[in-house]
Amino acid sequence: MKFEHLIEVNDPLNPLIDALTVKQVWAGLVLRAESPKLFVPHLDEAIIDQRTESGFRRRLRYGELVVEDRVELEPMRQVRYRVAAQQDIAESSLIMTIETPSENALFVRFQYEDSHDEATDQANAMYDEFRRSAYVESDIDTIGMMRELAQEGRLDATLN
């Protein structure tokens, strides 16, 4: 399954929404990767156990299920999550990219991909539609949480 969608962060035509800066959105995307429990309420535990200059490895625990992934950071532009195949989990990825098509416009593009073949995708079509909907809702919640954190001044720290 491949799926992507775009969320508008700043709408220059809507003065009722406080604009976020690229730096704040970047800080929010990094915070989501480093402190995912702020963004994923049903996550029981998140441990970062290996850091490099370009990212880190995490272990996420949802009840009995443990998922290991790698997070790769391209500063001020992109966060990539890569999950290797493990137990009953297929290889998958999520890429979040900050896009600024014009001076006042700001978007985040979310791109999901798993390693299922076309036959598996067809067999899982109804389930995948549910997953797409859940991804969109989760991503909308991510941007909403970023707005809350920005209002609290928690996204104004200096990040690379």
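Q: Which element gives the most to the lining of the largest pocket?
A: Helix α3 does, with ten residues. Helices (H or I, at least four residues) and strands (E, at least two) are DSSP runs numbered from the N terminus.

Q: What kind of model is this?
A: This is a predicted model: local features need pLDDT of at least 70, side-chain atom pairs count only at pLDDT 80 or more, and totals for chains, interfaces and linings use all residues. Residues are numbered from 1 along each chain as its sequence is written, and side-chain values use heavy atoms, with hydrogens and water left out.

Q: Back to the largest pocket. How much space lies in it?
A: About 1200 Å³. A pocket here is an open set of points on a 1 Å grid over the protein atoms alone, where a 1.4 Å probe fits, with protein on both sides within 12 Å along at least five of seven lines. The volume is the space filled by probe spheres set on the points, which are joined across faces, edges and corners.

Q: Which residues lie nearest its centre?
A: Tyr62, Val83, Ser92, Tyr112 and Tyr135. In total, 37 residues line the largest pocket, each with an atom within 4 Å of a point.

Q: And by class, what does the lining have?
A: The lining of the largest pocket has 22 nonpolar, nine charged and six polar residues. Ala, Val, Leu, Ile, Met, Phe, Trp, Tyr, Cys and Pro count as nonpolar, Asp, Glu, Lys and Arg as charged, and the others, Gly among them, as polar.

Q: Which strands each supply at least two residues of that lining?
A: β3 (55-62), β4 (65-74), β5 (78-83), β6 (92-99) and β7 (106-114).

Q: Now the sheet. In what order do the seven strands come?
A: β1-β7-β6-β5-β4-β3-β2, as an open sheet with antiparallel pairing. Two strands pair if DSSP finds at least two bridges between them. The edge strands are β1 (2-10) and β2, each pairing on one side only.

Q: How far are neighbouring strands turned against each other?
A: By 20° on average, direction ignored. Axes are lines fitted to C-alpha atoms, for helices over the stretch in contact, and angles run from 0 to 180 degrees between N-to-C directions.

Q: What joins β2 to β3?
A: A hairpin, through two residues. β2 (residues 45-52) and β3 pair antiparallel over seven bridges. Ile48 stands opposite Arg58 in β3.

Q: And in the hairpin of β3 and β4, which residue takes a positive phi?
A: Gly63, near 60°. That hairpin also has two residues between the strands. β3 and β4 pair over eight bridges. Arg61 stands opposite Val66, and Arg59 has Glu68 as its bridge partner in β4.

Q: How many bridges join β6 to β7?
A: Eight, running antiparallel. One of the pairs is Thr97 with Arg109 in β7. The hairpin of β6 and β7 has six residues between the strands.

Q: Where does α3 lie?
A: Across β1 and β7, at about 25° to β1.

Q: At what angle do α1 and α3 cross?
A: Roughly 115°, with the axes of α1 (residues 22-34) and α3 (residues 125-151) coming within 10 Å.

Q: Which residues meet there?
A: Gln24, Val25, Gly28, Leu29, Leu31 and Arg32 in α1 meet Ser138, Asp139, Thr142, Met146, Leu149 and Ala150 in α3. Contact means heavy atoms within 4.5 Å. By class, this contact of α1 with α3 has six nonpolar, four polar and two charged residues.
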